[in-house]
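Biologist: Please take a close look at one part of this model for me. I want its place, its surroundings and its contacts, residue by residue.

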Amino acid sequence: MATCSRFIIAARGMSTSSALRQSAKAPIKVYGLGGRYAHALYAAANKQNKLDVVDTELTTLQNTLNQNEKLAAFVSNPSVNKQNKLGVLQDFAKEQKMSDLSSNFVALLTENNRLNKLKDVLSAWSQIMSAHKGEVVCNIKTAKALDSSQEKQLREALAAFVKKGDSLKINTEIDPTILGGMVVEIGDKYIDMSVATKVKKMTQLISEAV
């Protein structure tokens with residue numbers, strides 16, 4: 001219990017209000033609660049020259065939550081005592097040898113009962129860091145995994161959307177409900193080439209014709 005208390009006290013040292021005053025340094029503005037916390041962390045990490053460190057640690061946390069559904073459900077469950085959540089996350093932070101900055105940030109979210117918004121915070125952080133790195137983020141949804149040849153062809157086609165000096169970051173997601181084809185989001189462009197959408201449109205046309 002004493003360890004948890006020290007952990008929370010350390011987290012209080014990272015105030016969102018004070019950090020937000022420097023959030024203008026972020027390359028883009030992300031709105032919403034997730035954006036507020038992500039901007040606060042960006043300002044703090046930038047001040048300490050630990051952006052890359054924190055980015056690596058949060059990516060590890062994100063990947064762990066994506067792969068461990070039970071852990072993700074546990075930390076987002078409002079009925080679970082926040083001290084229990086803090087204990088689990090503290091153990092995770094120690095195992096991963098996370099920096100104090102990242103550990104305290106997660107503790108701050110826990111103390112403020114915001115772990116149910118962790119997904120939004122991590123998403124906002126990812127957007128800010130992608131802009132910081134000069135990355136153009138492309139989200140691709142397919143019914144099944146692309147093989148290396150298909151991914152290479154797609155990457156070459158998407159390169160036309162990337163300005164000189166920027167890099168392309170591709171995030172893939174498997175969604176069997178689209179049946180086939182793919183859905184592509186890049187920048188402000190949304191391209192739906194899924195079989196599910198085609199079937200829906202054909203069904204609507206048939207219904208209108210009857």
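Modeller: A helix here is a DSSP run of H or I with at least four residues, and a strand is a run of E with at least two; both are numbered from the N terminus. On that basis, Q127 falls in helix α8, which covers residues 118-132. The model is predicted.

I start with Q127. Buried means under 20% relative accessible area and exposed means over 50%, with partly exposed in between. Q127 has 39% relative accessibility, so Q127 counts as partly exposed. Leave out residues up to four places away in sequence, and Q127 touches I28 and V30. There is also a spacing to note. V137 lies 10 residues from Q127 along the chain, and their C-alpha atoms are 8.1 Å apart.

Residues 135-142 form strand β1, which runs antiparallel to β3 and is joined to β3 by 5 bridges.

Now β3 itself. Strand β3 takes in residues 182-186 and is mostly covered, with 4 of its 5 residues buried. V184 lies in this strand. Its relative accessible area is 3%, which means that V184 is buried. Setting aside neighbours within four places in sequence, the contacts of V184 include C138, N139 and I140. Also among them are K189, Y190 and I191. L158 and M193 are in contact with V184 too. For a distance, take N171: 13 residues from V184 in sequence, with 9.9 Å from C-alpha to C-alpha.

Last, a charged residue. K85 sits in helix α6, residues 82-95. K85 is buried yet has no salt bridge. The cut-off is 4 Å, from a side-chain nitrogen of Lys or Arg to a carboxyl oxygen of Asp or Glu. For K85, the nearest side chain of opposite charge belongs to E111, 14 Å away. What does K85 contact instead, beyond its neighbours within four places in sequence? F74, V75, S76, N77, P78 and V80 are among its contacts.

How values were computed:
Residues are numbered from 1 along each chain as its sequence is written. This is a predicted model: local features need pLDDT of at least 70, side-chain atom pairs count only at pLDDT 80 or more; totals for chains, interfaces and linings use all residues. Side-chain values use heavy atoms; hydrogens and water are left out. Buried means under 20% relative accessible area, exposed over 50%, partly exposed in between (1.4 Å probe, protein chains only). Lys and Arg count as positive and Asp and Glu as negative; His and the chain ends are not counted. Contact means heavy atoms within 4.5 Å. Two strands pair if DSSP finds at least two bridges between them.
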